[in-house]
Amino acid sequence: MITLSRAVAVGLVSSCPLVALAQEPPKVQIPQPGVPQIMTMEGRYVRAAYNNEGYAILGYKLANLSVGEPWMLIEVGLALRDGVPDYDVTRKELSLDTPDGKTVPCPTTEEFRKADLRALQMREKVQRDSINYFPPNAHQACSIQFFPDPTGRAMPWDKVSMSDQRACLGRLYFPVPGGIKHGQYWLNVKFAKSVVRVPFRILTEEESKFLDKNYGDIEKQVEQAFKKKN
């Protein structure tokens, strides 16, 4: 069953204390997207964000294990909110913000094929988390095929045609200048009238341990931060 789980937040930042008092839950600073939206944390390496128009979710477990590598692979799900008119998403609507302030556009088919990312794709088959969390109105399976398997027969698509009933899933690839580094990243998805920005953090070893140890407390804190008003 495709469901939208609870409204909880997103990411960790370097200002998180690595040692917390036993009687006091840890405090985290939540990254600010700069646009009106709700952000959620569905798992240790699954992040989502949405507004009244669109919804985006990503899984980045492989990216978190790829520090120093020149290309980033993330799994992505996109949907429109209930009642929103149909919309076509193309590559130009997708970009990645890096910790050093650069914005990386979605690569062309030629750039993707030239990079020969078959080894990265093989790793992704085992180093991944489910991102099958969507608003209840999005119940029809839909594929995002900007970057099909180069060893297969599928051709790359120029766009993904979305309706408010479609739950679209696929892989995105981005060349990261200087290689993947620790720090805060944002996936930017431009819908017809707004932008949804999904934050995710490539964690250091210390941050990973902090998240594993305090996951429940962090989840509660960010849930409160983004609690829907009655």
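Two strands count as paired if DSSP finds at least two bridges between them. The model discussed here is predicted. In it, strand β6 (residues 94-97) pairs with strand β11 (residues 183-190) in the antiparallel sense, over four bridges. Within this pairing, L94 has V189 of β11 opposite it.

Both strands belong to an open sheet of four strands, ordered β7-β6-β11-β12 and with antiparallel pairing. The edges are taken by β7 (103-105) and β12 (195-202); each has a single partner strand, so one side of each lacks a neighbour in the sheet. From one strand to the next, the twist averages 25°. In general, strands of a sheet pair through backbone hydrogen bonds, either parallel or antiparallel.

The totals for the protein chain are as follows.

| Property of the protein chain | Value |
|---|---|
| Helices and strands | four helices and 12 strands |
| Residues that count as buried | 52% of 230 residues |
| Contacts with a separation of 6 or more that join residues 24 or more positions apart | 74% |

The loop residue is D116, which lies between α2 (109-115) and α3 (118-124). Most residues other than glycine have a negative phi. D116 is partly exposed, with a relative accessible area of 42%.

Methods. Residues are numbered from 1 along each chain as its sequence is written. This is a predicted model: local features need pLDDT of at least 70, side-chain atom pairs count only at pLDDT 80 or more; totals for chains, interfaces and linings use all residues. Side-chain values use heavy atoms; hydrogens and water are left out. Helices (H or I, at least four residues) and strands (E, at least two) are DSSP runs, numbered from the N terminus. Buried means under 20% relative accessible area, exposed over 50%, partly exposed in between (1.4 Å probe, protein chains only). Contact means heavy atoms within 4.5 Å. Axes are lines fitted to C-alpha atoms, for helices over the stretch in contact, and angles run from 0 to 180 degrees between N-to-C directions.
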